[in-house]
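Please read this report alongside the model.

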Amino acid sequence: MNKYGKFSKDRKEFIITRPDTPAPWVNYLSNGRYNGLISHTAGGFSFYRSPKDSRITRWRYNSLPADRPGRYLYIRDEKDGHFWSPTWQPTFTRLDSYECRHGLYYTRIRSLYRGLHHDLLYFVPENDDLEIWHVRLQNQSERTLHLKLFAFVELCLGHALVDLINQPNDQHFNEVFFDSHNRILFASKRYWVRYGGPTVKQANEAWDRYVFFSSSLTIEGWDGSKNLFIGRWRSEENPIAVEKGQCFNSEITSGDAVGALQMGVVIEPEKTANFVILLGVVPREQRREKAAEIVNKYRDLSMVNYEFDKLRDDWNEYLNHVQVQTPDDDMNTMLNVWNQYQTSVTFRFSRDASYYHGGLLFGRGYRDSCQDIMGPVIPRPRWVKERILEMSRYQFADGSTFHLYYPLSDSGERTGHSDTPLWLPLAIMVYLKETGDFNFLNQKTSFYDSGEATILEHLFKAIDYSLSQLTDRYLPKFGPGDWNDTLDYLGRQGKGESVWVAMFLAFILRETAELCEYLKLDEKQTHYRKEYEKVKQSINKHCWDGAWYIRGTNDKGKVIGSSKNKEGKIFLNVQSWAVISGVADDDRARKCMDSVREHLDTPKGPKILHPAYTKIDPAIGLATRCVPGKKENGAVFTHPVSWAILAECLLGRGERAFQIYKQSMPMNPVIDIDRYEVEPYVYAEYVTSPDHPTYGQASHSWLTGSSTWMLRDGIDYILGIRPTYNGLIIDPCIPADWSSYSVVRKFRGKTYYIRVKNPQGKTKGVKRISVNGQKIDGNLIDLRNEQITRLIEGSDRVEVLAEMG
C-alpha cells in the first residue's frame with residue numbers, strides 16, 4: 001500500500017484512492033482486436049488492431065495538462081448550470097470521494113459529488129469491436145436532480161499522423177454525421193496511410209472502418225466539430241456546449257473531429273439512472289446495419305452485465321492455470337495476478353501501444369514478440385501457436401528476419417540486428433516444452449520472400465543464418481545492434497563482435513541439440529553440439545577479462561566492457577548469459593556473478609553497466625549519449641535484471657536470487673512513490689540508478705520484456721516448477737527460511753497440486769518426490785515413464801509432494 005492506492009483483498013484489482021498520482025496510472029481494455037489504454041482519470045486512447053494505422057481516438061501524453069483527452073462524461077445540474085466530471089479529469093472538480101479500480105481488462109471509477117454517486121465501468125466485450133461505458137448515477141441527495149449529460153471523445157480516425165508527427169493537414173479528410181433513425185453518430189476518414197516501413201506507405205484509399213458513438217439514453221443533441229463543442233480559447237476543462245447546456249448538432253466534412261452526445265436524465269432521491277455509452281468500429285461498407293445491430297444489442301443492459309461477467313470469468317480462468325502460495329505476499333500477488341496479466345498485455349501489444357510509445361514504433365518487434373509468448377503459453381497455447389506461425393512468415397529464406405513487422409500492411413523493417421533471428425527458435429522450443437505438440441514442427445508456412453518450410457526447418461534456418469554471420473574468431477558480428485539497441489555503432493562495418501549474441505547463440509545451439517536428441521535427429525544433434533562447443537571455446541578464449549566477460553568489440557577491434565576501460569567496464573548481460581548458456585565453468589560463473597554484485601548492485605537490483613558513460617563515444621553509439629543513470633547508460637534495466645535472477649538460480653544461490661527478485665518488484669519503489677512515479681502493480685522497463693539525481697524514478701511501464709522473464713523466473717526457477725519436453729521438473733531455488741510453499745500448475749491436460757517442504761532450511765536440491773502418494777526416482781515427472789503414467793492416469797488431479805534436502 002502507498003498513499004495513492006492499494007491492492008484489493010483478492011489482489012485482482014489495484015484500487016487508486018486519490019486522482020493526483022505522480023503520473024497517469026494506466027490499464028488496458030481489449031478483446032485482441034478492439035483495444036484501449038485507460039488511465040485512472042479516464043484518459044487514454046482507443047484503436048482497432050494498430051495504434052498507428054487504425055487509431056480511433058486522440059491522445060496527447062506530453063501536453064499540458066497531462067493525459068488529455070480521454071473518455072469523458074460531463075454532468076450539468078440544470079438547477080444552477082454547474083457542471084463537473086465524475087472522473088476528476090478534465091474538469092479537475094474537487095470530488096467528495098474518489099476511487100478507481102483497475103482490474104483485468106476493465107476499469108471502474110467511482111466518485112461522489114453534490115449528493116450524486118457516480119459509477120463508471122469501462123470494458124470491451126469479447127466478440128464485438130466496441131468499448132462500453134456502463135454508467136450508474138445514484139441520487140443520494142434529498143432533491144430531484146435534473147441533469148444534462150455530455151459524453152465526449154476526441155477522434156483520430158485511421159492513421160495517427162496528427163498525434164505522432166503533428167500533421168494538421170490530415171484533418172482535412174475527416175467526416176462526422178448523425179444517423180437520426182438509429183440514433184448513432186458516425187465518423188471516418190477519406191484518406192488512409194498504412195505504415196509499412198521506411199519506404200512503404202500505402203495510401204490513396206479511405207480508412208476501412210467507421211467509428212460509431214451512441215447511448216442507451218435518448219440522444220438530444222450531438223456534435224462532430226471540436227471547434228464548436230469546445231469553443232474558442234477553451235479546452236476540455238470548460239467546453240462551451242456544456243457550459244451553455246446545449247450541443248450545436250454539428251456535422252463536419254473537414255476539420256478536427258469529436259464525438260459528443262447530449263442526453264438528459266431526471267433522478268429522484270434514492271433512485272439510480274443506469275445507462276451505457278457505446279464507442280466502437282465497424283467495416284466501412286457495413287456501417288449502418290452493423291453499427292445498429294451492435295448498438296441495439298448493448299442498449300439491453302442485461303447483455304452488458306452478461307458480457308462483463310463473462311470477461312471476469314474468462315480472465316479468472318486464465319489466472320487459474322498457475323496459482324502459488326509462498327511465504328512472500330508480494331510474490332503471490334505478482335505471480336498469481338499482475339505478472340500474468342502484464343504478460344498478456346505485452347503479448348497483445350508488443351512495445352507499440354503504451355503511454356510512452358503511443359504507436360510510434362508502428363508494428364511488432366520481432367525479438368519482443370518471440371519473448372512475449374512465454375507468459376500466455378501456459379494458459380493460452382493456441383494464441384502462441386498462431387503467433388509463431390505469423391512470425392515464421394516474416395522470416396526470409398536465408399534465415400534472417402524483419403526486426404519490426406507490420407501485420408496490417410504485411411511488411412516490415414530489415415535492420416540487421418545480430419540477435420533477432422535467434423529469438424524464433426526460442427519461441428518454438430518454449431511452446432513445445434509447454435504443450436508437447438511436436439506435430440506443430442511439421443506445419444508449413446511460407447518465407448517472406450519466396451518458398452516455404454516446416455516450422456522445424458524455420459528453426460534450423462534461423463540458427464544456420466546466425467552461424468553464417470560469425471567473424472574469423474567464431475564470434476557473431478555486432479551489426480547495427482543486438483539486444484541492446486543503443487550499442488548501435490560498434491559493428492556497422494561488419495567487424496565488431498557481440499559477446500552477448502555469442503552467448504545467446506550458444507544457448508540456442510544447446511537447446512536445439514536437446515530438441516534434436518528428443519526427436520532422434522542424431523546428425524543434427526551432433527552438428528549443433530559441435531557448433532556449441534566451438535562458440536563456447538571462442539568465448540572463453542577471447543572474451544574472459546579476468547573477473548568477468550567483456551561485452552564486445554567495435555569495428556576497430558577496441559574492447560568494451562573490460563577492466564581496462566575507464567567507463568562501461570562491466571556489463572550485466574554477458575555475466576548472466578555466461579551462466580544461462582553454460583559457457584562459463586563453475587569457477588568463472590560464480591566469479592562473474594560475484595563481480596555483478598560488487599560493481600553493479602543497487603537497492604533496486606543490478607545496473608545494466610558500470611561506470612556509466614559520461615563522454616560520448618561515436619564508436620559505441622547511443623548508449624553513450626543517454627544521460628548517466630538512465631536507459632541503457634547505467635540504469636537498473638529490468639529485463640537484464642530478470643536474467644541475473646535466472647543466472648543466480650542456476651548457480652543454486654537462492655538467497656541472492658530472491659534478493660534481486662524482491663528488489664525489482666514494482667511495489668518496491670526504493671525511494672518515495674512520488675519519485676518512482678509509475679504504476680506500482682506492473683514492471684517498468686527501467687529505474688533510474690544512483691548515477692543520476694532522479695535516482696528511483698521509473699519509466700516505460702507495462703510493455704517490457706522483463707514481465708515474461710520475471711514470471712518464468714518466479715515459477716520455473718525460484719519455485720522450480722519447470723516444463724521440459726518429457727514433463728515437469730521440480731527444482732526449487734528458494735530462501736533458506738522458507739519452510740514450505742505450494743503451486744497449482746495446469747500442464748498438458750492435468751492439474752498438478754504441488755507442495756514443497758523444506759524442513760532443513762535448504763536453498764537448493766530435492767531429496768524425494770512422491771506422485772499421488774508413490775515415491776518416484778529423481779525430480780522429473782516424466783510423462784514417458786510407465787510408472788508415472790500409471791500413477792496419474794484416470795484423473796485430472798495430480799498430487800505431488802517434494803521434500804528439499
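## Helices and their ends

Helix 15 gives way to G652, a glycine with a positive phi near 80 degrees. The model is predicted. Helix 15 has 13 residues. From first C-alpha to last, helix 15 reaches 19 Å, close to the 18 Å expected at 1.5 Å a residue. Helix 15 is mostly covered, with 12 of its 13 residues buried. The buried set is T638, H639, P640, V641, S642, W643, A644, I645, L646, A647, E648 and C649.

Helix 9 spans residues 423-435 and has 13 residues. Its end-to-end C-alpha reach is 19 Å, close to the expected 18 Å. Helix 9 is mostly covered, and 12 of its 13 residues are buried. Those buried are W423, L424, P425, L426, A427, I428, M429, V430, Y431, L432, K433 and E434. The list includes K433 and E434 as well as W423. Just after helix 9 comes G436, with a positive phi of about 70 degrees.

Helix 14 covers residues 586-600. An α-helix has 3.6 residues a turn, so residues three or four places apart point the same way.

Most residues other than glycine have a negative phi, and most peptide bonds are trans. The table lists departures from both patterns.

| Site | Feature | Value |
|---|---|---|
| Q89 to P90 | cis peptide bond | omega near 0 degrees |
| H610 to P611 | cis peptide bond | omega near -15 degrees |
| R183 | positive phi | near 60 degrees |
| R748 | positive phi | near 50 degrees |

Where do these sites lie? P90 is in the loop between strand 8 (83-84) and strand 9 (97-103). P611 is in the loop between strand 32 and strand 33 (636-637). R183 belongs to the loop between strand 14 (174-179) and strand 15 (184-189). R748 belongs to the loop between strand 38 (740-747) and strand 39 (750-757).

## The largest pocket

The largest pocket holds about 1,000 Å³ of space. Of its 36 lining residues, N31, G32, R33, R348 and R387 are the closest to the centre. Helix 5 (301-319), helix 6 (329-349) and helix 8 (381-392) each supply at least two lining residues. How is the lining divided by class? It has 14 nonpolar, eight polar and 14 charged residues.

## Two loop residues

L422 lies in the loop between strand 25 (411-413) and helix 9. L422 has 0% relative accessibility, so it counts as buried. Which residues does L422 contact, beyond its neighbours within four places in sequence? They are A462, I463, S466, V501, F504, L505 and I508. L422 and V501 are 79 residues apart in sequence, but their C-alpha atoms are 9.1 Å apart.

S254 sits in the loop between helix 3 (240-244) and strand 20 (257-267). S254 is partly exposed, with a relative accessible area of 36%. Leaving aside neighbours within four places in sequence, S254 is in contact with Q171, H172 and N174. S254 and E175 are 79 residues apart in sequence, with 6.0 Å between their C-alpha atoms.

Note on methods
Residues are numbered from 1 along each chain as its sequence is written. This is a predicted model: local features need pLDDT of at least 70, side-chain atom pairs count only at pLDDT 80 or more; totals for chains, interfaces and linings use all residues. Side-chain values use heavy atoms; hydrogens and water are left out. Helices (H or I, at least four residues) and strands (E, at least two) are DSSP runs, numbered from the N terminus. Buried means under 20% relative accessible area, exposed over 50%, partly exposed in between (1.4 Å probe, protein chains only). Contact means heavy atoms within 4.5 Å. On a 1 Å grid over the protein atoms alone, a cavity is a set of points where a 1.4 Å probe fits but cannot get out, and a pocket is an open set with protein on both sides within 12 Å along at least five of seven lines; lining residues have an atom within 4 Å of a point. Grid points are joined across faces, edges and corners, and a volume is the space filled by probe spheres set on the points. Ala, Val, Leu, Ile, Met, Phe, Trp, Tyr, Cys and Pro count as nonpolar, Asp, Glu, Lys and Arg as charged, and the others, Gly among them, as polar. The expected span of a helix is 1.5 Å times one less than its number of residues.
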